[in-house]
Amino acid sequence: MLPQNPEDFTMGASRLILPQRGHIPCTRHHAIDVDADLLRDTVKVAIVGAGIAGSYLGCILEEGGIIPDVYEQGPHDTTCGFRSCGWGAPSAIGAHLAYAGLDLDDYYLEPMKSMEFDGLIARTPLCTLDKPALIRDLRARLKIIPHQLTDRESDVYDVVVDATGISRTILPPCTSDLTLPTLQHRVAIEPVAGRAPGPGVYGSQVPGLGYIWIFPLGKSQYHIGAGGLLCDNYAGILNRFLSDLSRGCSITHQCTCPGEIRVASPFFSQPLVAKRRRESGELQRIIGVGESIGTVSPFTGEGILHSMESARILADSWLDEDRYVSRILSRFSWMKKERETLDYLLSDSRDSAPRIRDRWRFYRNARRSGVKLPLQEAFRRMGSLTRWIEG
Ligand SMILES: Cc1cc2nc3c(=O)[nH]c(=O)nc-3n(C[C@H](O)[C@H](O)[C@H](O)COP(=O)(O)OP(=O)(O)OC[C@H]3O[C@@H](n4cnc5c(N)ncnc54)[C@H](O)[C@@H]3O)c2cc1C
């Protein structure tokens, strides 16, 4: 089991500390637990995908002396040029940023200390952060190759890291994938008769398993999105929600992006690693990280922090795939349980209500994220389970 505090990650005995690269000042050097012979030019590493997982991994590998080639197919067909995301994260992400020499304050947009959960106000440690700026800064320290990895290029690498997120381009398909569609608007909101909305999550607005979120981005900007399983009309649901909201505010639409989140959990996203024989006959190691291997909370779709955690675990167990897989499955075993609840609720044979264990998992999810929902309330109002509890 990994320690909760990212600063507590252990580094192994054979420490290799090399000078940092790039223009972003780093507060510390890192040591990666790996035989020094496996480093530098002896092992050629490609990271495919420079989202949060791939770019963060690239930076911490570089600090350990491993210089990967990073392939990124972007920019995405979105206004910000990045993959659709709400940019909400617990402030504990600051420790992961500090590990790469970055300061959360440079990306911090808005606190979400007090958040509405279907009418209930709870304290949270959440905030929004400027994820595009963060990824840009991480990428600036890396050698980015701006296209997809071709088969010919792939052959020269001893290790290929699949950090391609939802597309999971390099690894074989998940044993049991589960993805949920999303739709998100970015809007500017100015209060007219009422107050500007605060952060909130509304499960009761989406039929089945899903919710609407309002995440403030500062300067009157908001991400308002909807996602979930069993619903195919997010546009209609969001329009209704925005129309209700507009009674007390003036809302100006900025942009819209559809998306998809892998909520399969790492356990059901296996294999997390694979091997491929190259033309030379040598084996190539393929290792997944981030959302490509399902490091996303199946209940909430929260994946930024967990993708960074998975990158830390990969760097910390570099080239020991058995250790990596077992640490990922252990660290994110709670995601397997959440996924099992989703499967149960989606199955035809389910009873009409969630079981005690499903309610408990929701409560645990909130506590894990630092959301202070009282037990009784969490059991009664479990956001996206509303239909089963109250309907
Ligand atoms: C609408 C929406 C809202 C969300 N809101 C939140 C939130 O508020 N908080 C939170 O924690 N999580 C949220 N998530 C989830 C979170 O965005 C992801 O879990 C997280 O970004 C995963 O990071 P990643 O680096 O693993 O994958 P990605 O961010 O998907 O990055 C993968 C990268 O790989 C690149 N790529 C893909 N295929 C190839 C290829 N073949 N060659 C080269 N490059 C390739 C892509 O261009 C991309 O840059 C949200 C997701 C969605 C869809």
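1. Strands here are DSSP runs of E with at least two residues, helices are runs of H or I with at least four, and both are numbered from the N terminus. Please keep in mind that this is a predicted model, in which local features need pLDDT of at least 70, side-chain atom pairs count only at pLDDT 80 or more, and totals for chains, interfaces and linings use all residues. Residues are numbered from 1 along each chain as its sequence is written, and side-chain values use heavy atoms, with hydrogens and water left out.

2. Is Arg-262 buried or exposed? Arg-262 counts as buried because its relative accessibility is 3%; buried means under 20% relative accessible area, exposed means over 50%, and partly exposed lies in between (1.4 Å probe, protein chains only). Leaving aside neighbours within four places in sequence, Arg-262 has contacts that include Gly-165, Cys-174, Asp-177, Ser-269 and Glu-291, where contact means heavy atoms within 4.5 Å. Pro-181 is 81 residues from Arg-262 in sequence, while their C-alpha atoms are 9.2 Å apart in space.

3. Now for the chain as a whole. The protein chain has 11 helices and 14 strands. Of its 391 residues, 56% count as buried. Among contacts with a separation of 6 or more, 71% are between residues 24 or more positions apart. The accessible surface comes to about 16,800 Å², and carbon and sulfur atoms hold 51% of this area; such areas come from the Shrake-Rupley method with a 1.4 Å probe, and for residues only the protein chains shown count as cover.

4. Next come the charged pairs. Side chains of opposite charge can pair when their charged atoms come close. How many salt bridges does the structure hold? There are 16 salt bridges, each defined as a side-chain nitrogen of Lys or Arg within 4 Å of a carboxyl oxygen of Asp or Glu.

5. One of these joins the side chains of Glu-72 and Arg-139, at 3.5 Å from N to O. Glu-72 lies in the loop between strand S2 (69-71) and strand S3 (88-90), and Arg-139 lies in helix H3 (residues 131-139), so this pair ties together parts that are 67 residues apart in sequence. Glu-72 is buried, with a relative accessible area of 10%, whereas Arg-139 is partly exposed at 22%.

6. The side chains of Arg-276 and Asp-155 also meet in a salt bridge, at 2.9 Å from N to O. Arg-276 is in strand S13 (residues 273-277) and Asp-155 is in the loop between helix H4 (151-154) and strand S7 (159-162), so the pair ties together parts that are 121 residues apart in sequence. Arg-276 counts as partly exposed, at 29% relative accessibility.

7. Look also at Asp-158 and Arg-278, whose side chains form a salt bridge of 2.8 Å, N to O. This pair links distant parts of the chain, 120 residues apart: Asp-158 is in the loop between H4 and S7, and Arg-278 is in the loop between S13 and strand S14 (283-288). Arg-278 is buried, with a relative accessible area of 6%.

8. Some backbone details deserve a look. A cis peptide bond joins Gly-74 and Pro-75, with omega of about 0°, and Pro-75 belongs to the loop between S2 and S3. Another cis peptide bond joins Gln-270 and Pro-271, with omega of about 5°; Pro-271 is in the loop between S12 and S13. That loop is also the place of Ser-265, which is not a glycine but has a positive phi of about 80°. Ser-265 is buried, with a relative accessible area of 0%.

9. Finally, the loop between helix H6 (304-316) and helix H7 (321-331) contains Ser-317. At 2% relative accessibility, Ser-317 counts as buried. Beyond neighbours within four places in sequence, Ser-317 is in contact with Arg-323, Tyr-324 and Arg-327. Leu-319 lies in the loop between H6 and H7 and has a positive phi of about 65° although it is not a glycine. Leu-319 counts as buried, at 12% relative accessibility.
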